[in-house]
Amino acid sequence: MKLDDVLISKAIIERFSAKLVDCLESDVAVVGGGPAGLVAAYYLARAGKRVILIERKTAVGGGMWGGGMMFNQIVVQQYGKAILDDFDVRTEPFAEGYYTADSIEAVSTICSKAVKAGARVFNLISVEDVMLSEGRVTGLVLNWSAVMTAGLHVDPLTIRTGFVIDATGHPAEVATLIERKSGEKLDTPTGVVIGERPMCAEAGERATVENTREFFPGVFAAGMSCNAIFGGPRMGPVFGGMLMSGKKVAELIMQRA
Ligand code: 48F
């Protein structure tokens, strides 16, 4: 059989378009494909929810690939290990209560499990705005990351969803967008994005999980964005809190959806 170049193009365009059209309405839209977003997408999809995950970059995985300062190992505590066990990611004990994992195995395995559970992942797309109706976020406004990077004057498209997860990491982009554009208060002690505090692994891990919650009607924080929104400390390359937060946000949404 002789390969037909144009048939290859047709296959890509038709299949991608069908996937996108199928995702115009979803139960949950996860913004950001770092560890927290991927873990949330997995547990929600596994429970039968229609989940779409939007990631700005070419690759999902966020800050997990690089471990700590490009040493591609991650550290987790017992509760993080339990989640890695759930995904079948291998861990090694290092000291009492400390486990390490290969960050490449962790990202690739968690991503694979999320996709196979049914989460629909769209990379190279950025969330540039939210849809707001009667004080609740009802959807997301999307554009190609390349359009945004190039500053091209191209209008976006929209998707409707039941719940949004802000898993955008340190910049807490969804929360920041809502605060800046809606003029409405967020459900934080100050009504705005407080900003993350300096490094403290012990307090940061705890705060990430505690701060995993709904901060605006229809919108939940997961992962590092929790501490950025609620003013918790950063915690560097210990990832158990990110994994726990992803699992917790999925459970919170499942109680509602
Ligand atoms: O930063 P990221 O890995 O967030 P996380 O899941 O994990 C944080 C850790 O990696 C690390 C840490 C651990 O102790 O502190 O930083 O909370 O992943 C966030 C992802 O969101 C994407 C971004 O490219 C990254 O892959 N992202 C950010 N803003 C947008 C976005 C946006 N507006 N639209 C789409 N994707």
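Set aside its neighbours within four places in sequence, and Y43 is in contact with I83, D86, F87, K247, A250 and M254, where contact means heavy atoms within 4.5 Å. This is a predicted model, so to speak of local features takes pLDDT of at least 70 and side-chain atom pairs count only at pLDDT 80 or more, while totals for chains, interfaces and linings use all residues. Residues are numbered from 1 along each chain as its sequence is written, and side-chain values use heavy atoms, with hydrogens and water left out.

- Y43 sits in helix α2, residues 35-46; helices (H or I, at least four residues) and strands (E, at least two) are DSSP runs, numbered from the N terminus.
- Is Y43 buried or exposed? Y43 is buried, because its relative accessible area is 4%; buried means under 20%, exposed over 50%, and partly exposed in between (1.4 Å probe, protein chains only).
- The side chains of Y43 and D86 are joined by a polar contact of 2.5 Å. That term stands for a pair of N or O atoms within 3.5 Å; within protein, one must be able to donate a hydrogen and the other to accept it, and residues adjacent in sequence count only if both atoms are side-chain atoms.
- Y43 and I159 are 116 residues apart along the chain, with 21 Å between their C-alpha atoms.

**The ligand site**

- Which residues come nearest to the ligand? Of the 28 residues around the ligand, they are E55, G63, E173, M224 and G236; a residue counts as near if one of its heavy atoms lies within 4 Å.
- On the backbone side, a polar atom of G63 is 2.8 Å from an oxygen atom of the ligand, and a backbone N or O atom of G236 lies 2.3 Å from a ligand oxygen.
- H170 brings in a side chain: one of its polar atoms is 3.1 Å from an oxygen atom of the ligand.
- The protein buries 93% of the 730 Å² that the ligand exposes when taken alone; these accessible areas come from the Shrake-Rupley method with a 1.4 Å probe, and for residues, only the protein chains shown count as cover.

- Three strands make up an open, antiparallel sheet in the order β3-β5-β4; two strands pair if DSSP finds at least two bridges between them.
- At the edges are β3 (73-76) and β4 (92-95), each pairing on one side only.
- On average, neighbouring strands of this sheet are turned by 35° against each other, direction ignored. Axes here are lines fitted to C-alpha atoms, for helices over the stretch in contact, and angles run from 0 to 180 degrees between N-to-C directions.
- Four bridges link β3 and β5 in the antiparallel sense, and Q73 stands opposite D102 in β5.
- β4 is joined by three bridges to β5 (residues 98-102), again antiparallel, with P93 partnered by Y99.
- The covered face of β3 has I74 and V76, and the uncovered one has Q73 and V75.
- Helix α4 (residues 103-117) lies across β3 and β5, at about 70° to β5.
- E105 is part of helix α4 and counts as buried because its relative accessibility is 17%. Beyond residues up to four places away in sequence, E105 touches D88, V89 and R90.

- β7 (residues 125-133) contains I125, which counts as buried because its relative accessibility is 5%.
- Not counting residues up to four places away in sequence, I125 touches I54, E55, R56, L142, N143, W144 and S145. The C-alpha atoms of I125 and L142 are 6.6 Å apart, although 17 residues separate the two along the chain.
- Eight bridges tie β7 to the antiparallel strand β8 (residues 136-144), and S133 has R136 as its bridge partner.
- What does E134 do in the hairpin of β7 and β8? With two residues between the strands, E134 takes a positive phi near 50°.
- β8 in turn runs antiparallel to β9 (residues 157-166), joined by four bridges; I159 in β9 is the bridge partner of L140.

**Helix α7**

- G204, E205, A207, T208 and V209 are buried in helix α7 (residues 201-210).
- Those buried residues of α7 pack against α3 (78-87), α8 (224-230) and α9 (240-256).
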